[in-house]
Amino acid sequence: PRRTRRPHARPSSFPQGTTATVRDRRLPSHRDFAAPRKKPSSGCDRSITIGPGETCASRSTRPGAGLRRYRAGAGVDSLSKTLRPPKPTMSAIKSLLVANRSEIAIRVMRAAAELGIRTVSIYSAEDRFALHRFKADESYRVGEGKKPLQAYLDIPDIIRIAKQAKVDAIHPGYGFLSENPDFARACAEAGIRFVGPTPEVMTTLGNKVAARNAAVAAGVPVMPATGRLPRDLAEAKKLAAEVGYPLMLKASWGGGGRGMRVVHTEAALLNAVQMTKAEAAAAFGNPAVYMEKFLQNPRHIEIQILADEYGNAIYLGERDCSMQRRHQKIIEEAPAPGITDKQRKHIGEACAAACRKIGYRGAGTFEFLFENNEFYFIEMNTRVQVEHPVTELITGIDIVQEQIRVAAGEKLRYTQKQ
């Protein structure tokens, strides 16, 4: 008889780091490793078409199923056996939407899956084959007809998807809408928990001038600086003389090393102010700038904190991110070399006290310049940072999981002594 081509045999074991393919030219799905389940309700991303006759099977609605084949050391002896996800540990958050993409979206999904939380992802048209789409239990396309950046910034559409998926909370990750108080406010108005601080606190700390004033009120050491620069050049020159040259011009709503310029003399001030305002308006939609003292050879130190809504706050040590290129961090080191235990305790307790005073909740980072054994506050990031795993490695604390627990209304599980 005529011989027919047989499909790939199913392997007898599921070694760590491997992914099985049952059929030729098909993306793997959790159904390669688990028994089929009932067809879920319509409305979410259950299948995609890769080409003529090539379809990726749908994902299970059980929390963590979309992550199963990627989890190392899962303890699955054969593909015929299924890995039971952990039972939910929180009643307030049973499903979580990650309003982000790529690495941070996958990082948040891993933390949620370990807590037994159902995960939902969003993706733009250009990200329809991105890994974060397939790691979630459900995924939805966001920003129909929009460019990739605008799609992930589409607050109304993200809220629509969150309601459709019936999620309890939204995690913003970092970048995009992670420090946007309007997004946090939209979540609150929709009855969805935002994994982060309140909109009011984000508004205060998002503006660098307001954040500096809040730091002064909380007793955190700050850099000599001005408020928002006036339009009057003569008044601006007077303020610059009070701060002292050299000084740094900064965008009030800036970040990521943009909207920053060093001024060494009064003669260069006018042109520098005009250029910085134009750059700030183009990059952040707000031309407001201010001046602060420029240190010649400082180190960049940041303090990781965790706080809950019950007035508990702890610091998780510091990271040294002085190795930078064009104000972009290249290497993070923890604990920071050259910082004594006394200095670490002093600045850490000041940051924790500031969190309690302003009513901060969740994960955050205070950033400082350090020179001549003195700390000078720069800004606070009201989100999880790209470099958060450095602190996780030296403390053993899962910062993203703690974020989710705090958003669910739980108290911090750790004390400063611990």
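Buried means under 20% relative accessible area, exposed over 50% and partly exposed in between, with a 1.4 Å probe and protein chains only. The model shown is predicted, so local features need pLDDT of at least 70 and side-chain atom pairs count only at pLDDT 80 or more, while totals for chains, interfaces and linings use all residues. Residues are numbered from 1 along each chain as its sequence is written, and side-chain values use heavy atoms, with hydrogens and water left out.

**View A. Arg110 forms salt bridges with Glu114 and with Asp398.** A salt bridge is a side-chain nitrogen of Lys or Arg within 4 Å of a carboxyl oxygen of Asp or Glu. The N to O distance is 3.9 Å for Glu114 and Arg110, both of which lie in helix α1 (residues 102-114), 4 residues apart, about one turn of the helix; helices are DSSP runs of H or I with at least four residues, strands are runs of E with at least two, and both are numbered from the N terminus. The pair of Arg110 and Asp398, at 4.0 Å from N to O, links distant parts of the chain, since Asp398 belongs to the loop between α11 and α12 (399-407), 288 residues from Arg110. Asp398 is buried at 17% relative accessible area, whereas Arg110 is partly exposed at 39% and Glu114 is partly exposed at 36%.

**View B. Asp320 and Arg299 meet in a salt bridge between two strands.** Their side chains are 2.7 Å apart from N to O, and the pair joins strand β12, which holds Asp320, to strand β11 (residues 299-307), which holds Arg299, across 21 residues of the chain. Asp320 is buried, with 8% relative accessibility, and Arg299 is partly exposed, with 22%. Elsewhere, Glu302, Arg319, Lys329, Glu332, Glu367 and Glu387 are linked in a network of salt bridges, and the whole structure contains 23 salt bridges.

**View C. The second largest pocket holds about 260 Å³ of space.** On a 1 Å grid over the protein atoms alone, a pocket is an open set of points with protein on both sides within 12 Å along at least five of seven lines, a cavity is a set where a 1.4 Å probe fits but cannot get out, and lining residues have an atom within 4 Å of a point. Of the 15 lining residues of this pocket, Tyr315, Leu316, Gly317, Thr395 and Gln416 are the closest to its centre. Strand β12 (313-325) and helix α11 (388-395) each give two or more residues to the lining, and β12 supplies the largest share, 5 residues.

**View D. The largest cavity has a volume of about 40 Å³.** The search finds 4 cavities of 30 Å³ or more in the whole structure, and the largest is lined by Leu205, Ala211, Ala214, Ala215, Val220, Ala354, Ile358, Phe366, Phe377 and Met380. The elements giving two or more residues to this lining are α7 (208-217), α10 (341-358) and β15 (374-381), with α7 giving the most, 3 residues.

**View E. The charged end of Arg133 sits over the ring of Tyr123.** A charge sits over a ring if NZ of Lys or CZ of Arg is within 6 Å of the ring centre and within 35 degrees of the ring normal. The distance to the ring centre is 4.2 Å for Arg133 and Tyr123, and 5.6 Å for Lys411, which sits over the ring of Tyr310.

Technical notes
Points joined across faces, edges and corners; volume = space filled by probe spheres on them.
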